[in-house]
Amino acid sequence: MKLRAPRFRPGVFAVACLWANALFGDEQALPFRTGILPLLTKAGCNAGACHGAATGQGGFKLSLFGYDPTEDYERITRELGGRRIDRAAPTESLLLRKASRQLTHEGGRRLPRDGDAYEKVQRWIVEGAPFGPKDLWVTAITVSPAENFLPTTNTTFSLHVTAQLSDGSREDVTSLALYSSSNDALAEVGKQGDVHVSGRGVTSVMVRYSGQVGVARVMVPFSDELVREDPFPADNIIDQHIGAELKRLRLRPSPLSRDGEFLRRVHLDLTGRLPSLDTARAFLGGPSSPAARRQVIDDLLASSEFVDVWTLRLAELLLIGGKRASDDATRAYHSWVREQVARNAPYDEIVRAILTASGPLTTAAPANFFTIANDPRDLAEHASRIFLGTQIACARCHAHPADRWTQEDYHRFAAYFARVSHEGDTIKINARGEVDHPKTGAPVSPRPLGGSTISRDPGADRRIELAAWMTDASNPLFAQTIVNRVWKLLMGRGLVEPVDDLRPTNPATHPALIAGLAGDFATHGYDLRRLIRSIVTSRTYQITSRSEGLNRLDDHFFSHAYLKEMPAATFLDAVAQVTGIPEVFDGYPEGTRAVQLIGARTPSYALDVLGRCSRDGPCDGGGRPGGGLAQALHLINGGTLNARLGGGIVAELLARDSPDRARIEELYLRALTRRPAPDEFAEWEPRLAAAARKSEAVEDLLWTLLNSREFAFNH
Amino acid sequence: MFGLVNSNLTAAEPIAVPITALAFSPDGSALISNGSRRLDVRSVHDGSVNSHVACDLPKITAAAFQPHGDILAVAGGEPSVRGEVRLFDWRTQKVSQRLTNQDDVATSVAFNRSGTLLGVASADHSASVWRMATDSANFTRIFTLAGHAGPVLAIAFSPADRTVVTASADRSIKVWSTEDGRLLRTFNHHLESVNALAFRPLAAAEDPASPRACASASDDRTVRIWQPEIGRMVRIIRQHRAPAFALVYAADGRSVFSAGKEGRIRRFDADSDTLLTEWSASTDWIYALALSPDGMKLASGDWSGTVLLRDLTMDK
């Protein structure tokens, strides 16, 4: 398609145009939206730190990155009596004098007087400062090359950006687009789209122009030496994609994990428990084989502990039992989710039930979802984040700077929740209720994010349409979001990070894999247990966490297993399990594990200091957000560990007439699912033998194991 | 049928400037509007430009005639550089005094009822009050009114002369004493920039000392009616669908006109929020309104440089 320069069709400013032509020749003036605004955006005038700030700067406010051309045009040409431009003496315009720093301007010199941008803005004012055709705007941009595989580092290449306009024409906007690299240490990008690569790995360059965003991926292999062999047998979609990418990146994966490492990892991931002593001894004593591993996986997937821990994970995702919820309602909601996990209900079915629920909170349990917020906008933000992995909050006030969502998209999506009300202990659907657009003050009709308006019965519950659209197989975000969340829980890192920020400018490390897994998930009935099984049976999941060679540099491509800090509840349960002294929770029978607690308000100092999810906001990290000095001091000196050292397993071991070596081995197996290494035996056997009080030495050993990184992490 | 007269661009002025300053001469014989570095003296019959008065301020923002006097005050300046009010002897159309010392454009100018005090608002966040000498037509600054956190966009004296009121882009209206320049109270009810102020004129038999209504127009799409001297907001007029920039009371004080971004002029009953009439006066933003001394003609000015005259007798 033919590229052409930006143009404007002159209107009523004939006299001014004659003057302009005398000054500038026959070049046509620029329309504001597609000609002038991009110049100001490129100059940084409407950046968040400048006039694009929420309150503007120096009394002059522009929309962030120019998302609202009409308003920007009015502010420049009309506001305060038109003080910012002078059509009679264009060079005297405040806009030009400030931007070129002829007058004091805290933002510095943005449009040098001898520059092309200055001349274009001046010409535009001479032409009468027209808005130009209202029906001309940028509909999309194309970044090329979109995929940039560079054989080695320390190279430079150029990006080219083409804008597609609403009239079907295309423009080269490379010099006007804004560029930002996700990882400057790997690839720096200049203002004109020149990318200098100085590291190895994969990153992306985000490109913005006229409200549209695009992305280019940059990939540099970790070595100049080709990897010729296939990383591992690839008999499933996960290993195929991970392996192919590792080969392309010239990374060799770590070997298969040892049986103990696998057993501990898969137990913690699938059940939130450590393998029992008997299980560990049996598995480590048996023949090592893929079949044996598959059997362990199947047994764990069928266990009640699996239901417990995956109920907890869904409960944290759905923010069940935050401070807004009542105890009875929380119990009903938790029980309902547990039932769904226990019967392996299809995920789309679960979400549809949640999004369309109404009635008393204790009987219509999934309706509790609507208690996490009162305002329809807040509900929309929760729904998009939780179920679509999409953060739309920015668009509440302005167009999302890194995504396609506009204020209209935001408020129309929020309109799906406008008729939901929380009255007493009941969620009701009202016949009335709207969300107003903040600028026009007029109510907006509901519309799916990125979707088209669906014809519907105006009297029907709007959420039915929303749930149908959201869980439809044609909506890739729905399946990709849950696949990515499950992947992160099991693999320690999402294919997209953060897991609630899926957008074109934040691409997945393995785009084809997430798409493939999501497609497979949808095709097979949104079966969560099948998805989990697919992941944990893969070689990718089962390789060791010990990195070696160049893959020490990798923290994105799964060349080795990543360490996962145990979540608070899992950690507390593991301590109780190893020490043989359970934690007691008020209102729960003895033996209740932390992962079985309902809601997040059961009093527990240990869980608080370990950083449990409060359910008042997202807890997508999976680790222990509490952390810090308080947690470290508590584990060293606090009661969670020290109160358990004297009895339980220590007393049991001492009561047995067994050699110290056996005691040491048992504690290692219980805590770390492995036998001690020779140097570890060499360290502890003499200590136990020489101890004046054997119990203290055994306690020291147990304390040391429970305070080790190897215990605290699922690896 | 409405006596509309459109005085559009003339060949002598190929580049239009937004009409922000409009004022009828006290004898009703002329209408003044701002041009590009000059004042245009227009016919009150058809709005046509009869003559020009040189006024080389880069921006001219407001104009006001001294009641019962010969002085025309013209506000303006160079944005972000300096502000100035230029006083013209209207008989000779020569500059008689320049009131300077502002760091940004003077945005609004107003005389008190007797014409002895002059209020000046400035985009430099300040306002000032000037007093005319008893033995000459020269004005001397008596107070600087400091306290607004944004450009001051409007200033008006109460009919009793006891207070002067300022309105600002900081969303507030401040009431100051004309005795000592002391801040008496601040109204923070508007949600956006406050652009215009107008006091309700005195009826013939009215006591000037009685609490007077003052109207304010704002970007928040409302016109609010206040009693600034007793600190009361009387009414909110919400019928605007876009920011309002200009206000003027009818001569009898029984109605108030407003205009703004919509290009429409609305006439409201001054004692309720009843919309009496409205009409489209521009396809662009209207910045200025002025009422002829006899109350029979309403002039409006917009961004495109168009001045429109409306014969109000046709509305009755």
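Against which helices of chain A do the buried residues of α7(A) pack? In the predicted model, the buried residues of this helix pack against α18 (511-523), α19 (528-536) and α20 (539-542) of chain A. Helix α7 itself spans residues 237-248 of chain A and comprises twelve residues. The distance from its first C-alpha to its last is 17 Å, close to the 16 Å expected at 1.5 Å a residue. Its buried positions are A:Ile238, A:Asp239, A:His241, A:Ile242, A:Gly243, A:Glu245 and A:Leu246. An α-helix has 3.6 residues a turn, so residues three or four places apart point the same way. After α7(A) comes A:Arg250, which has a positive phi near 60°.

Chain A as a whole contains 29 helices and 17 strands. Along the principal axes, its C-alpha atoms fill a box of roughly 105 × 65 × 50 Å. Of the 715 residues in chain A, 49% are buried. Among contacts in chain A with a separation of 6 or more, 64% are accounted for by residues 24 or more positions apart.

Two packed helices are described by the angle between their axes and the distance between the axes. Helix α18(A), one of the partners of α7(A), also packs with helix α17 (residues 476-491) of chain A, at an angle of about 105° and with the axes 8 Å apart. Since angles of 65 to 115 degrees count as roughly perpendicular, α17(A) and α18(A) are therefore roughly perpendicular to each other. From α17(A), the contact draws on A:Pro476, A:Ala479, A:Gln480, A:Val483 and A:Asn484, and from α18(A) on A:Ile514, A:Ala515, A:Leu517, A:Ala518, A:Phe521 and A:Ala522. By class, nine of these residues are nonpolar and two are polar, with no charged residues.

A further helix pair in chain A is formed by α26 (residues 660-672) and α27 (residues 678-690), whose axes come within 9 Å and cross at roughly 125°. The two helices α26(A) and α27(A) are therefore oblique to each other, and their crossing is right-handed. In this pair, A:Asp660, A:Arg661 and A:Ile664 of α26(A) meet A:Phe681, A:Trp684, A:Glu685, A:Leu688 and A:Ala689 of α27(A). The contact has five nonpolar and three charged residues, and no polar ones.

Terms used
Residues numbered from 1 in each chain as written. Chains lettered and ligands numbered in written order. Predicted model: local features only at pLDDT ≥ 70, side-chain atom pairs only at ≥ 80, totals over all residues. Axes fitted to C-alpha atoms, helices over the stretch in contact; angles between N-to-C directions. Helix = DSSP H or I, 4+ residues; strand = E, 2+ residues; numbered from the N terminus. Parallel < 35°, antiparallel > 145°, perpendicular 65-115°, else oblique. Left-handed = near helix turned anticlockwise from the far one by under 90°. Contact = placed C-beta atoms within 7 Å. Nonpolar A, V, L, I, M, F, W, Y, C, P; charged D, E, K, R; others polar. Buried ≥ 20, exposed ≤ 12 C-beta atoms within 10 Å, placed from the backbone. Expected span 1.5 Å × (residues − 1).
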